[in-house]
Amino acid sequence: MDDRDGKIWMDGELVDWRDAKIHVLTHTLHYGCGAFEGVRAYKTAQGTAIFRLREHTQRLLNSAKILRMPMRFGLEALEDAQKAVVRENQLESGYLRPLIWIGSEKLGVSPKGNTVHAMVAAWPWGAYLGEEGMQRGIRVKTSSYTRHHVNITMTQAKTVSNYTNSILANMEATDDGYDEALLLDAAGFVSEGAGENIFVIKDGVVYTPDLSAGALNGITRNTIFHICQDLGLELVQKRITRDEVYICDEAFFTGTAAEVTPIRELDRVTLGCGARGPITEKIQAAFFDIVNGRNEKYAHWLTLV
Ligand code: PMP
């Protein structure tokens, strides 16, 4: 991934992809205090546009605030950087990765005295959990790893270190032949996937865990709230148990990378009809209309590059 043509934005400059390097004594590499975003750009009739750029950039700044990382770049500079990276790499659509990290001036747990840095890269990226999964639904395993408690590494920050938990859960699930992991919170209630929020549908009502279960406040999750309202679907945020998922009619994951991915199985228990359910299909179609610029109501969520 490091050996290709293109440009990466680093601390205010567009640098050649191969030259976008940092030192091995980088503080974040040793102690994991850093934050990132995952953002997508879509091809629309008006041109390439970044979906909910403002919300992603604001979440990055919120993550920096939670982690007490003083940022040199503000909202507009980081938005401009993301647009520039999509443009410079001539992407019609793709995935953007902004990241902030602590520099290499000194080690030791305290980051004080170190500089804070920012970068943005972007590359083409198709369906995160596979094209087939988008159509047929994926197979998920309840993880043996517990999701972060809300008072551990801060669950509303999209921190680098939170993803060790995601990696362990995802590797366990995929090693066992599943597509993705579902993590429960410290009290045993459903939290989220390794990199996705979860929704379940029962008797026509759409449910998702409230954020006290330690799930990230997903921007796609919020998009689904709007879609449910448009489709006249009741949306309830509440504590959800593992067995409520077993007996739901439909379930799906959401995320910038995962978009809207149906879940057809949890722990070898078939969910609903064992395929993408009819309400999930409607929500998924509405989602792709919005991100691809086919729904005027949400044109303001698309920033042309
Ligand atoms: N939870 C986790 C752990 C994630 O990594 C992601 C992806 N950023 C999400 C939820 C979904 O968030 P979003 O819709 O903002 O991408």
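In which strand is the place of Phe-199? In this predicted model, local features are described only at pLDDT of at least 70 and side-chain atom pairs only at pLDDT 80 or more, while totals for chains, interfaces and linings use all residues. Residues are numbered from 1 along each chain as its sequence is written. Phe-199 lies in strand E11, residues 197–202; strands (E, at least two residues) and helices (H or I, at least four) are DSSP runs numbered from the N terminus. Phe-199 counts as buried because 25 C-beta neighbours lie inside 10 Å. The cut-off for a buried residue is 20 or more other C-beta atoms within 10 Å of its own, with C-beta atoms placed from the backbone. Beyond residues up to four places away in sequence, Phe-199 touches Val-206, Tyr-207, Thr-208, Ile-224, Ala-251, Phe-252 and Thr-254, contact being defined as C-beta atoms within 7 Å.

The domain assignment of the protein chain gives domain 1 (7–123) and domain 2 (131–291), with bounds from an automatic or database assignment. The centres of the two domains, taken over C-alpha atoms, are separated by 26 Å. At the interface, 21 residues of domain 1 are in contact with 11 residues of domain 2. On the domain 1 side, strand E3 (34–36), strand E4 (39–44) and helix H2 (53–66) each give two or more residues, and the largest share, 6 residues, comes from H2. By class, this side of domain 1 divides into 9 nonpolar, 7 polar and 5 charged residues. Here Ala, Val, Leu, Ile, Met, Phe, Trp, Tyr, Cys and Pro count as nonpolar, Asp, Glu, Lys and Arg as charged, and the others, Gly among them, as polar.

Helix H5 comprises 14 residues (162–175), which should span 20 Å at 1.5 Å a residue; its end C-alpha atoms are 21 Å apart, in agreement with this expectation. The expected span is 1.5 Å times one less than the number of residues. Buried positions in H5 are Asn-162, Asn-165, Ser-166, Ala-169, Asn-170 and Ala-173. These residues cover an arc of only 125° around the axis, and therefore lie on the same side of H5; the arc is taken from the directions from the helix axis to the C-beta atoms. The buried residues pack against strand E8 (138–146) and strand E9 (180–184).

The ligand is surrounded by 15 residues, the closest being Gly-218, Ile-219, Thr-220, Gly-255 and Thr-256; the criterion is a C-beta atom within 6 Å of the molecule. Helix H6 (219–231) and strand E14 (250–255) each give two or more residues to this shell.

Note on methods. Buried ≥ 20, exposed ≤ 12 C-beta atoms within 10 Å, placed from the backbone. Contact = placed C-beta atoms within 7 Å.
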